[in-house]
Amino acid sequence: YQPAGWDAVNPPKQLLKDLKLEVGELLQLSEADLDKVKAYTAVDSLLDSDFGVDAFLTLENKGREYFVTYDLTMNPDKERGKHQNTILITDFAEPPEPGEKINPEQENAYLASVEKIAKMTVEQIRSLEI
């Protein structure tokens, strides 16, 4: 289940769009192979309510599909949910809203957050590869 109009190859949420691009860059994927990385929302779904997953990313590679799940929270003391491999994101700088003016410090903090999450994602994908 995805909201109407959701495109996993070109997700409408800025964070997922930027995360997908950063993961592709870190994995050194060609532009054509970037479509093998897909990003989904899980907000207000069973994944969210029962497992604490807010979003997930998939990667198709060599006939296999890899999943990485994310839990975004403002609670720095939150513990991992039921799915121990979920990447817990507690120190995240929000992306700018479309048309919003953003100062360089905010932009740098956001980009650093995306890079950090992408690196954790790639580490997890590599740990799953056999």
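Visitor: Why is D54 called buried?
Guide: The relative accessible area of D54 is 14%. Buried means under 20% relative accessible area, exposed over 50%, and partly exposed in between, with a 1.4 Å probe and protein chains only. D54 therefore counts as buried. This is a predicted model, in which local features need pLDDT of at least 70 and side-chain atom pairs count only at pLDDT 80 or more, while totals for chains, interfaces and linings use all residues. Residues are numbered from 1 along each chain as its sequence is written, and side-chain values use heavy atoms, with hydrogens and water left out.

Visitor: Where does D54 lie, and what is it in contact with?
Guide: D54 is in the loop between α2 and β2; helices (H or I, at least four residues) and strands (E, at least two) are DSSP runs, numbered from the N terminus. Contact means heavy atoms within 4.5 Å. Leaving aside neighbours within four places in sequence, the contacts of D54 include T41, A42, Y70 and L72. The D54 side chain also reaches the backbone nitrogen of L72 at 2.8 Å. A polar contact is a pair of N or O atoms within 3.5 Å; within protein, one must be able to donate a hydrogen and the other to accept it, and residues adjacent in sequence count only if both atoms are side-chain atoms.

Visitor: What makes K38 and E60 a salt bridge?
Guide: A salt bridge is a side-chain nitrogen of Lys or Arg within 4 Å of a carboxyl oxygen of Asp or Glu. The closest N and O atoms of K38 and E60 are 2.9 Å apart, and the pair forms a salt bridge. This pair links distant parts of the chain, with K38 in strand β1 and E60 in strand β2, 22 residues apart. K38 counts as buried because its relative accessibility is 19%, whereas E60, at 34%, counts as partly exposed.

Visitor: How many salt bridges does a search of the whole structure find?
Guide: The search finds three. One of them joins the side chains of D33 and K36, at 3.5 Å from N to O. Another joins E115 and K119 at 3.3 Å; both residues lie in helix α3, four residues apart, about one turn of the helix.

Visitor: Why is β1 described as largely enclosed by the rest of the structure?
Guide: Five of the five residues of β1 are buried, so the strand is largely enclosed. Both faces are covered, with V37, A39 and T41 on one side and K38 and Y40 on the other. In a regular strand the side chains alternate between the two faces of the sheet.

Visitor: How do you know that β1 and β2 pair?
Guide: Two strands pair if DSSP finds at least two bridges between them. β1 and β2 have five bridges, in the antiparallel sense. K38 stands opposite T58 in β2.

Visitor: Is K62 buried or exposed?
Guide: K62 counts as exposed because its relative accessibility is 79%. K62 is found in the loop between β2 and β3. Its phi is near 50 degrees, a positive value in a residue other than glycine.

Visitor: What makes up the largest nonpolar core?
Guide: A nonpolar core is a set of buried Ala, Val, Leu, Ile, Met, Phe, Trp, Tyr and Cys residues joined through side-chain atoms within 4.5 Å. The largest one here has 29 residues, and L19, Y70 and I125 have the most contacts inside it. The largest share of this core, six residues, comes from α3.
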